[in-house]
Amino acid sequence: MKGLLLAMVLLLSSPLHAMSVYKCEIEDVIIFSQQPCSTQAEEVRIDYIRADELEARRLRQETQTQHARSGEIAVERRIREIETRIDAENRVINRLQRERDRDLNALRNRQAEASDNLAGAAYRQSLAGEMQAVNQRYDSLVAQRQATIQRLQTDIDRLLRQAESLPAQ
């Protein structure tokens, strides 16, 4: 009796159990038995799992799902941060363009005030050179901001590809 009890405890303590059953066909009737019932008996393996192992598997799967979701959330948050930076860069570009327009208008006003003599013509020429320099300076600043926006957009594209490769829930 103690031997049977020990065998049951050992059997139930392992999470995965396997049992061999033999399938035989005798006189067109299929029979299952723990012993081979003929020389043509086919061994069928039956696996069963204890309830606590099922719970452990469910918890592992739930944990994997939570890890995948936390990865998705991190990617979404990072994308939002990058989009915020892109918006900020666009605001800076708009501010630079307004400043450029203001500086150019001031130079145009000074050009309009120049007299119609040789000195005025030289002054207008000088102001035209200044206007060109102002345009180049602001164009350079705007181009730097646009390059930053392009880099940030590339980061978003990379994160989106990364999100697609995350395991499905």
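Biologist: Let's start with R100: is R100 buried or exposed?

Modeller: Quick note before that: this is a predicted model, where local features need pLDDT of at least 70, side-chain atom pairs count only at pLDDT 80 or more, and totals for chains, interfaces and linings use all residues. Residues are numbered from 1 along each chain as its sequence is written, and side-chain values use heavy atoms, with hydrogens and water left out. Buried means under 20% relative accessible area, exposed means over 50%, and partly exposed lies in between (1.4 Å probe, protein chains only). R100 has a relative accessible area of 19%, so R100 is buried.

Biologist: Which residues are linked with R100 in a network of salt bridges?

Modeller: Side chains of opposite charge can pair when their charged atoms come close. Here a salt bridge means a side-chain nitrogen of Lys or Arg within 4 Å of a carboxyl oxygen of Asp or Glu. R100 meets D101 that way, at 3.2 Å from N to O, and D101 is partly exposed at 35%. The network links R100 with D101 and D139.

Biologist: How many salt bridges does the structure hold?

Modeller: Besides R100 with D101, there's one between D103 and R102, at 3.3 Å from N to O. R102 counts as exposed, with 53% relative accessibility. The count for the structure is ten.

Biologist: How far apart are the closest N and O atoms of R58 and E62?

Modeller: Both sit in helix α2 (residues 51-112), and because they're four residues apart, about one helical turn separates them. Helices here are DSSP runs of H or I with at least four residues, strands are runs of E with at least two, and both are numbered from the N terminus. R58 is partly exposed at 39%, and E62 is partly exposed at 37%. Their salt bridge brings the closest N and O atoms to 2.8 Å.

Biologist: Which ring does the charged end of R137 sit over?

Modeller: For this, NZ of Lys or CZ of Arg must be within 6 Å of the ring centre and within 35 degrees of the ring normal. The charged end of R137 is 4.6 Å from the centre, and the ring belongs to Y138.

Biologist: Which residues make the nonpolar surface patch of about 210 Å²?

Modeller: Patch residues have over 30% relative accessible area and no salt bridge; nonpolar side chains (Val, Leu, Ile, Met, Phe, Trp, Tyr) are joined within 5 Å, like charges within 9 Å. Areas come from the Shrake-Rupley method with a 1.4 Å probe, and for residues only the protein chains shown count as cover. I31, in strand β2 (residues 29-33), is partly exposed at 32%. The patch is made by I26, V29 and I31.
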